[in-house]
Amino acid sequence: MNTHPDDALVAYANHTLDPAEQPALDAHLAACGRCREELDWLTTLRAGMQAEPLPAVDELGLARLMREVKAEQRPARAATSARSWWRGAMAAAVLVMLVQFGVIAVQWQPDAGYQPLSESGQVVGPVLQVRFAPAASLAEIQALLEQIEGRIVDGPGALGLYRIALPEEADHKAALATLKAADGIVIQALAELTP
């Protein structure tokens with residue numbers, strides 16, 4: 001017998017036992033009183049269950065159960081529709097960004113007169129390091145740079161310093177004096193050491 005005797009007893013009582021296992025179970029039942037009692041109980045239970053009629057369906061109970069099932073499904077649907085709303089909003093936002101990038105790419109003209117505040121490239125003349133006051137306006141800074149004939153080549157750095165390049169023949173000491181005298185516009189001005 002390949003199965004456990006309890007499993008085989010259930011199959012025996014239900015008449016679903018494999019015919020090949022029948023002789024081994026009969027031999028076991030002849031020797032085991034506990035299994036015979038178990039088989040009698042299972043057979044009586046099966047007969048009692050088959051004799052009882054199925055209960056009638058309570059229409060009111062079924063209707064109440066269906067209402068409860070539908071009520072539990074509503075929050076799941078609401079959450080799903082909320083997630084769908086966000087997906088639509090995200091798709092619209094991505095679409096707007098793509099349109100903006102497209103418009104910028106079409107209208108971009110590299111020679112339109114735009115130039116960065118700082119210049120890249122080789123600096124030939126003296127270089128000053130300047131920290132401007134936070135309240136200094138762009139017009140004030142530009143006027144001061146024109147006065148010393150300087151141009152921003154880098155900055156602001158991590159400490160708020162700008163690198164200002166002067167013409168090759170410029171007197172950096174005079175430019176430093178002019179910057180230091182610009183109270184309210186310049187906080188700090190230093191000459192950069194050249195190698």
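**Close-up 1. Glu-149 follows helix α5 with a positive phi, near 60°.** The model is predicted: local features need pLDDT of at least 70, side-chain atom pairs count only at pLDDT 80 or more, and totals for chains, interfaces and linings use all residues. Residues are numbered from 1 along each chain as its sequence is written, and side-chain values use heavy atoms, with hydrogens and water left out. Helices (H or I, at least four residues) and strands (E, at least two) are DSSP runs, numbered from the N terminus.

Close-up 2. Ile-141, Leu-144, Leu-145 and Ile-148 are buried in α5. An α-helix has 3.6 residues a turn, so residues three or four places apart point the same way. Buried means under 20% relative accessible area, exposed over 50%, partly exposed in between (1.4 Å probe, protein chains only). The cover over the buried residues includes β1, β2 (151-154), β3, α6 and β4.

**Close-up 3. The largest nonpolar core has 20 residues.** Such a core is a set of buried Ala, Val, Leu, Ile, Met, Phe, Trp, Tyr and Cys residues joined through side-chain atoms within 4.5 Å. Leu-128, Val-130, Phe-132, Ile-164, Leu-179, Ile-185 and Val-186 have the most contacts inside this core. At least two residues each come from β1 (127-132), α5 (138-148), β3 (162-165), α6 (172-181) and β4. Helix α5 gives the most, with four residues. A second, separate core of eleven residues includes Leu-25, Cys-32, Cys-35 and Leu-42.

**Close-up 4. Leu-179 and Ala-189 touch each other.** Contact means heavy atoms within 4.5 Å. Not counting residues up to four places away in sequence, Leu-179 also touches Leu-128, Val-130, Leu-144, Ile-148 and Val-186. Ala-189 sits in strand β4 (residues 186-191). Ala-189 counts as buried because its relative accessibility is 5%. The C-alpha atoms of Ala-189 and Ile-164 are separated by 9.9 Å, with the two residues 25 apart along the chain.
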